[in-house]
Amino acid sequence: MGTIEQGVKQAVENCLKVKPGENVVIITDTETIEIGSAIKEAIEGITAEVKFFLMEGFGARPIDYPQAIDDAIKAADVSVYAAQGAEGELQSFRRHMLKAIEANPRLRHAHMIGITPEIMKDGMCSDYNEIQRVSRLVYEKVRNASKIRVVTEKGNDFVAEFSPQLKWIISDGDIAPGHWKNLPDGEVFTSPVNVNGKIVIDGCLGDFFTEKYGSLEKTPVSIKVENGRAINESLQCNNEKLRHELAKYIFEIDENSNRIGEFAIGTNTGLSKLIYNLLQDEKFPSVHVAFGSPLPGKTGADWDSKAHVDGVIISPTIEVDGETLMDKGQFRL
């Protein structure tokens, strides 16, 4: 464990590489103001061109995407989103913000949804040289994969199929112009063209679920997937409220919210345990999948969704075209 200041320094200097004279936008909220302010202070030590937005300044959460933030992002060289998720805000705010970010070819963006002081001291203080090394090794193993099977002792057993037309993305903390990455970082991901089998999510869920429900170790979510889409009647969870809310999210947002949009392998080997916060836990050496958006701006997928909810699968065995990449959560590189 490090300190918040060390995590901020890594984000600002090593990942975003902020330079004197650059225009920077920082978006935070009242719950995350300590981290947002620390990032602002660090960046102001490098450049004076900083615009600082507090989300509650635009009204009660969830908020719509404001024109003032849109204008600032269009003119920025660097941007940081460090705030907590609110139910409905992926659709009303974050999707619009990320589209604006992807439309700015010079922008380097750090996306820190759900960031906490604990994560700043932990995942943001990992050895990013090692994360980049492991991520590259994993990428070389999967980039030409036809099929990947994921099995766990809790009954997860599915096969994902992949197309050379879709990109595998290395997300290792090195943020280049025209790109955005989650921080802390450490994953290799793409959008599968097909998925079949049973998915058992026993780590945590993304979007607003991570803050609301935390660990799923005692109440795992299981669901069958056929031809890349979740089957409504198969969704099971001992937490009835969670099951109901997840079913509404996956099956009612739009026509593609029940489709598997993302397949990812966590590569942050500096993490020793799950903390049941998706922002960090999806980087833990494991597998996570997402229902909804395939992040088409990154993967090149030709479809999209207003939904995107990740689910972390603990201690998987991963077989890439029959070759073991991970054995019960341990890399075999």
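**Ground rules.** I note that this is a predicted model, in which local features need pLDDT of at least 70 and side-chain atom pairs count only at pLDDT 80 or more, while totals for chains, interfaces and linings use all residues. Residues are numbered from 1 along each chain as its sequence is written, and side-chain values use heavy atoms, with hydrogens and water left out.

**Overall form.** I found 10 helices and 18 strands in the protein, taken as DSSP runs numbered from the N terminus (helices H or I, at least four residues; strands E, at least two). The radius of gyration, taken over C-alpha atoms, is 19 Å, close to the 20 Å from the globule rule for 333 residues, so the protein is as compact as a globular protein of that length. That rule is 2.2 Å times the number of residues to the power 0.38. Along the principal axes, the C-alpha atoms fill a box of roughly 55 × 40 × 35 Å.

**Cores.** I then turned to nonpolar cores, which are sets of buried Ala, Val, Leu, Ile, Met, Phe, Trp, Tyr and Cys residues joined through side-chain atoms within 4.5 Å. The largest has 47 residues, and Ile148, Ile199, Phe263 and Phe291 have the most contacts inside it. Helix α8, residues 240-252, gives the most to this core, with five residues. A second, separate core of 28 residues includes Ala11, Val12, Ile39 and Ile43.

**Isoleucine 43.** I found this residue in helix α2, residues 33-44, and it is buried, with a relative accessible area of 0%. Leaving aside neighbours within four places in sequence, isoleucine 43 is in contact (heavy atoms within 4.5 Å) with Val12, Val18, Val24, Ile26 and Val50. As a general point, nonpolar side chains tend to be buried together in soluble globular proteins.

**Glutamate 245.** Is this residue buried or exposed? Glutamate 245, which I located in helix α8, counts as buried at 16% relative accessibility. Not counting residues up to four places away in sequence, glutamate 245 touches Phe208, Phe209, Lys212 and Tyr213. I also looked up a separation: the C-alpha atoms of glutamate 245 and aspartate 302, 57 residues apart along the chain, are separated by 28 Å.

Note on methods:
Buried < 20%, exposed > 50% of the residue type's maximum accessible area, 1.4 Å probe, protein only.
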